[in-house]
Amino acid sequence: MGDIYVIGHKNPDTDSICSAIAYAYFKGEDVVAARCGEINAETSYVLEYFDLDPPILLSDGGGKRFILVDHNELSQSVDNMDQAEILEVIDHHKINFSCSSPITFHTEPVGSTATMIAERYIGKIKRKIAGILLSAILSDTIVLTSTTTTERDFEMVKKLAPIAGIEDIKMFGMEIKRKKSSLKGLTASKIILSDFKDFEFGEDKVGIGQIEVVDFKESEERMDELIQELEKLKDENDYSLLSLMVTNIVERASKLFVVGDRSKAEEAFKKPVKDNSLYLDGAMSRKKDVVPFIERVFR
Ligand code: MN
Ligand code: MN
């Protein structure tokens with residue numbers, strides 16, 4: 001029947017890539033790690049650090065068999081997933097999934113998919129896999145500071161770090177995060193799309209990109225260019241609302257640059273959009289601090 005692919009979401013982040021590698025490793029021979037997008041600078045640093053190859057790149061899911069990690073919405077998955085067979089899901093996002101046959105479906109409200117995989121295999125994890133799982137947890141939880149972080153993430157980090165040979169967890173985590181925080185040399189389109197997710201709320205299509213920065217300066221200097229690119233993407237792809245969430249990991253706050261039906265964003269957060277953006281104190285997580293509020297006003 002051929003291989004089974006473990007795959008994360010489009011515009012893959014460190015959790016999607018590392019969870020796919022780790023889960024495929026534990027599942028055994030005919031299970032292969034895959035990805036459906038370019039590896040970002042942060043993930044590439046992590047893979048080089050622990051000397052592991054990236055998963056194989058797939059552009060079409062049709063006719064193949066999959067285990068989904070770090071997502072369950074087909075709109076975020078490899079193309080033609082509706083013509084694929086999904087055997088299993090392991091994820092930590094809201095559920096927007098249906099399937100005509102029974103499958104293994106495991107979601108939990110923890111900080112990363114890597115946390116769930118680490119918990120399952122903790123007694124058997126060796127250095128490299130411990131390293132990438134640790135990196136994925138630190139990445140997704142923004143070094144254990146995101147609002148999505150749970151006790152279980154802390155627990156796994158504590159167990160994985162010594163196996164991975166990482167002594168200073170915080171320093172290693174910040175080092176990972178810094179790899180992705182500079183906007184220098186990136187086009188506006190790349191900034192918006194490097195960590196981008198599509199959502200379908202009824203008839204409405206909403207897109208939200210996220211970047212993590214150590215200060216707001218660079219993104220503000222390029223505001224006009226970013227808004228222009230957002231407008232272009234919105235028109236080309238028919239979004240009702242399109243946003244770039246700029247998360248300041250030092251200040252622990254986000255600015256949402258928004259185009260499209262801005263009144264929906266204002267209604268969602270009960271705040272006016274000023275200079276094309278909305279300031280959200282304490283907002284670190286797209287899925288927890290932003291998506292539910294926007295979804296509510298579209299339903
Ligand atoms: Mn992810
Ligand atoms: Mn994740």
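Q: How far apart are the C-alpha centres of domain 1 and domain 2?
A: The C-alpha centres of domain 1 and domain 2 lie 24 Å apart. This is a predicted model, where local features need pLDDT of at least 70, side-chain atom pairs count only at pLDDT 80 or more, and totals for chains, interfaces and linings use all residues. Residues are numbered from 1 along each chain as its sequence is written, chains are lettered from A and ligands numbered from 1 in the order in which they are written, and side-chain values use heavy atoms, with hydrogens and water left out.

Q: Where are the bounds of the two domains?
A: Domain 1 covers 4-181 and domain 2 covers 188-298; the bounds come from an automatic or database domain assignment.

Q: And how many residues does the contact take from each?
A: Domain 1 gives 17 residues and domain 2 gives 24 residues, where contact means heavy atoms within 4.5 Å.

Q: What does UniProt list for residues 173-298?
A: An unreviewed UniProt entry lists those residues as "domain: DHHA2"; such annotations may be inferred rather than shown by experiment. Over residues 173-298 the chain is 42% helix and 29% strand. Helices (H or I, at least four residues) and strands (E, at least two) are DSSP runs, numbered from the N terminus.

Q: Switching to the metals. What coordinates the manganese ion (ligand 1)?
A: H9 (NE2), D13 (OD) and D70 (OD), at 2.1 to 2.2 Å. Donors are N, O and S atoms within 2.8 Å of the metal (3.2 Å for Na, K and Ca), and water is not among the atoms, so sites may look incomplete.

Q: How far is ligand 1 from the manganese ion (ligand 2)?
A: The two ions are 3.5 Å apart, and D70 coordinates both. H9 sits in the loop between β1 (4-7) and α1 (14-27), and D70 in the loop between β4 (65-69) and β5 (85-91), 61 residues apart.

Q: Are H9 and D70 buried or exposed?
A: H9 is buried, and so is D70. Buried means under 20% relative accessible area, exposed over 50%, partly exposed in between (1.4 Å probe, protein chains only).

Q: Which residues of α2 are buried?
A: In α2 (residues 41-49) they are E42, T43, V46 and L47. Down the axis of α2 they fall within an arc of 130 degrees, so they line one face of the helix; the arc is that of the directions from the helix axis to the C-beta atoms. They pack against α1, α4 (127-140) and α6 (169-178).

Q: What does T43 touch?
A: Not counting residues up to four places away in sequence, T43 touches D13, T14 and I17. The relative accessible area of T43 is 0%.

Q: What happens at the ends of α2?
A: At the start, a side-chain oxygen of N40 reaches to within 3.0 Å of the backbone nitrogen of E42. Just after α2, D51 takes a positive phi of about 55 degrees.

Q: Last one: what is the side chain of R286 joined to?
A: A polar contact of 2.6 Å joins the side chains of R286 and D195. A polar contact is a pair of N or O atoms within 3.5 Å; within protein, one must be able to donate a hydrogen and the other to accept it, and residues adjacent in sequence count only if both atoms are side-chain atoms. R286 lies in helix α11 (residues 286-298) and is buried, with a relative accessible area of 7%.
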